[in-house]
Amino acid sequence: QVQLVESGGGSVQAGGSLRLSCAASRYPDSKYCMGWFRQAPGKERERVAVIDSNDNTNYADSVKGRFTISQDNAKNTLYLQMNSLNPEDTAMYYCAAGPFVRLCSQVNYWGQGTQVTVSS
């Protein structure tokens, strides 16, 4: 049972920055995927960014160049640095974990989410 707890959400003005953190219990496998998803009211869940155990990353086009996903293995923590935030980034952000599979497409564990609100 992998436990994921997000933090760092809040309210900021457009153009501001936030760093989200996800405290995780160690994944049982040496190879894994971790990622961030978001969902705004009335919209489908969107994969924001993923990272695997080899530090390969992939980003949604909507956040590319503005967001950076990273991990600190010693601290068992996943991060999402969010810069140049837009009101369109307003959503509930979820941390996720899964096995090392093609495109990190499988999610086995979810956090409870942290709210990000960007005002104009």
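Predicted model: local features only at pLDDT ≥ 70, side-chain atom pairs only at ≥ 80, totals over all residues.
Colleague: Is Asp72 buried, partly exposed or exposed?

Modeller: Buried means under 20% relative accessible area, exposed over 50%, and partly exposed in between, with a 1.4 Å probe and protein chains only. Asp72 has a relative accessible area of 24%, so Asp72 is partly exposed.

Colleague: Which residues does Asp72 touch, not counting those up to four places away in sequence?

Modeller: Contact means heavy atoms within 4.5 Å. With residues up to four places away in sequence left out, Asp72 touches Thr77 and Tyr79.

Colleague: Which strands each supply at least two residues of the lining of the largest pocket?

Modeller: On a 1 Å grid over the protein atoms alone, a pocket is an open set of points where a 1.4 Å probe fits, with protein on both sides within 12 Å along at least five of seven lines, and lining residues have an atom within 4 Å of a point. The lining of the largest pocket has 14 residues, with Tyr27, Tyr32, Gln71, Asn73 and Asn76 nearest its centre. At least two lining residues each come from β4 (32-39), β7 and β8 (77-82).

Colleague: How many residues apart in sequence are the parts tied together by Asp89 and Arg38?

Modeller: A salt bridge is a side-chain nitrogen of Lys or Arg within 4 Å of a carboxyl oxygen of Asp or Glu. The side chains of Asp89 and Arg38 form one at 2.9 Å, N to O. Asp89 lies in the loop between β8 and β9 (91-99) and Arg38 in strand β4, so the parts tied together are 51 residues apart.

Colleague: Are Arg66 and Asp89 buried or exposed?

Modeller: The side chains of Arg66 and Asp89 meet in a salt bridge of 2.8 Å, N to O. Asp89 has a relative accessible area of 1%. Both Arg66 and Asp89 are buried.

Colleague: Which residues are linked in a network of salt bridges?

Modeller: The count comes to four salt bridges. One of them joins Asp61 and Lys64 at 3.1 Å, N to O. The network links Arg38, Glu46, Arg66 and Asp89.

Terms used:
Residues numbered from 1 in each chain as written. Heavy atoms only, no water. Helix = DSSP H or I, 4+ residues; strand = E, 2+ residues; numbered from the N terminus.
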